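Reader: I would like a close look at one part of this model. Please take me through the contact between the two chains, then step back into the partner chain.

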Amino acid sequence: MKSISLYEEKGSVLNKIAPESKILYIVAALVIPYLIGSRWVSLGFIIASILLLLSAKVIRKTVPILGVSGFVLITVLLIQGLFRAGNVTPILSLGPVVFYKEGVNFALGIVINVLNILLSFCVLILTTKPSDMIENFVRKGFSPRFGYVFISIFQIIPQMTETMATITDAQRSRGMETEGNLFIRVKAFIPLISPVVMSSLINTKERALALEVRGFNSTIQKTFLNDEKKIPADKWIQLGMVVAIVAAIVFRIVLVVMYFM
Amino acid sequence: MARIEIEHLKYQYPATTKLALDDISFSVEPGEFIGIIGKNESGKSTLCQAIAGLVPNFYKGSYGGKVMVGEIEVKTVEVNEMCKTVGIVFQNPFNQVTGSKLTVYEEISFGLENMGIPKVEMIKRIDEAMELLDIIKYKDRNPFDLSGGQMQRMAIASIIAMQPEVIILDEPTSQLDPQGREEVFQAVQKLSKKGITIIMVEHNMEKIAQYSDRVVLLNDTKLVAIDTPQKIFSRDDLDSFGVEAPVFTKICRGLHLKNEETGCYPVTLEEASRLFQRLVKEESHNE
């Protein structure tokens, strides 16, 4: 079954940790380096994320994610290193092409921040079943309807894509041209859009009926088949993250106060 | 078990000018198997949805008359409340998959979670439903990976687990291959044997004749008749309602072979063969 979820069950500790702990980790990884204002803290979080992903045996799944953003990051490094306003100190010359320290330094800051964001999010999305995450939220008062919409997207979008492919094949078998220049492709889009929209509407109505007859809009307190995803250490992990964030805020306030004194 | 009482039911969908159901009245006894037949647009699906409360509570529209299931007047109860008493299975098995669960086992739990059933009870009901529908071997499969027949049985199991007193099946086999169709009919037969009231819309007249205690014949939004399959399929005007009799009935009609006790043509293979055997015996006695 195709799903757009990147989650993979590997039976690791990270798979068993509460999603809230991982979300707090993301918050910490993004907020603390900003508050402390040090690139080394970001680097520390990058290393921590890599170690966590290695322990969860999902590091290979980060390669395509980093590959896509890597191209953008290299472009940033090149442009800033070569052309950033205020570039004065050359660090590398390749004939007429000169890289400057200031530009490279600025670009490295961006690269580290982006890698930190990507890897910390990978810790969550590669090791957390979306349904577990939403179920935990619903248990804490999140709307089950929004929860359903969020979870079902992961399976229903691939199904809709398959429907689209089937309709495309059907129209192609009736002589519709789908390959060629832009005009041909735009022309092909018109006979596709009507059956796709109609079938989507019909499917949505039928699914809404099917949900309704299974008590989807019930106001009764929901129960759950699966136990809440958490381990005993979760409260300590969450406490640790909150303490670290609060400490970083205090550090920042002290820094600001000292600056004005 | 609940008795179903339909009195002068009229219904018109919103933004339409024609009645979808016109003065329908009949009742269904607890544990009965009712087949609903009629040509397209005769009101079969609308009637099913009226018993389940989707008409008018989901579709809105103009509604008259009364549908009672046990002590409940269907119109006055929300669908999410009504589903505890009346379960409904639709044509397209694919569109009945919620899309929010990753395994068949979890998929069946969806309705029970919404009903607030405690976990221990939930597991008991899911296991029972899966066993009854013979889908226990698929419990860890993704619902979208099942075949049409398996998916439809899962949809039925999802409804069964909610333990309704009445189950409505609206053309549950129309989109299935012959094997899938047979799987669903076997499952329905098991439910019927358990004493659950079943209302089934189906175009396969052989199956309707085989399983139904009584058959509702609809034509152009009106109730034509409700009677035993033998009486319904022996009607001389059946063709005028766009309904074909089972093949055994057609053969016997062609041979003018009626069951003398009932005055009707046989509707199943068993009935027809019994009649033939009796005739052969009588013939050999005469010789």
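Author: The contact draws on 33 residues of chain A and 44 residues of chain B. Keep in mind that this is a predicted model. Between them, chain A and chain B bury about 3,400 Å². Of that area, 56% is on carbon and sulfur atoms. Three residues lead on the chain A side: A:Val213, A:Arg214 and A:Leu225 lose the most area to chain B. Together they make up 26% of what that side buries.

Now the charges. Five salt bridges cross the interface of chain A and chain B. One of the salt bridges joins A:Lys222 and B:Glu113 through their side chains. Its N to O distance is 3.9 Å. It passes the rule because the cut-off is 4 Å between a Lys or Arg side-chain nitrogen and an Asp or Glu carboxyl oxygen.

Which helices of chain A supply at least two residues each to the side that touches chain B? They are helix H6 (130-139), helix H7 (144-173) and helix H8 (182-212). H8(A) gives the most, with nine residues. Sorted by class, the chain A side has 13 nonpolar, eleven polar and nine charged residues.

Next, chain B itself. Take B:Val86, in strand E6 (residues 86-89) of chain B. Is B:Val86 buried or exposed? B:Val86 counts as buried because its relative accessible area is 1%, and the cut-off for buried is under 20%. Leave aside residues up to four places away in sequence, and B:Val86 touches B:Ile51, B:Ala52, B:Val69, B:Pro164, B:Val166 and B:Ile168. B:Gly53 is another residue to look at. B:Gly53 and B:Val86 are 33 residues apart along the chain. Their C-alpha atoms are separated by 8.5 Å.

Last, the strand pairing in chain B.

Note on methods
Residues numbered from 1 in each chain as written. Chains lettered and ligands numbered in written order. Predicted model: local features only at pLDDT ≥ 70, side-chain atom pairs only at ≥ 80, totals over all residues. Heavy atoms only, no water. Contact = heavy atoms within 4.5 Å. Buried area = accessible area lost by both parts, 1.4 Å probe. Helix = DSSP H or I, 4+ residues; strand = E, 2+ residues; numbered from the N terminus. Nonpolar A, V, L, I, M, F, W, Y, C, P; charged D, E, K, R; others polar. Buried < 20%, exposed > 50% of the residue type's maximum accessible area, 1.4 Å probe, protein only.
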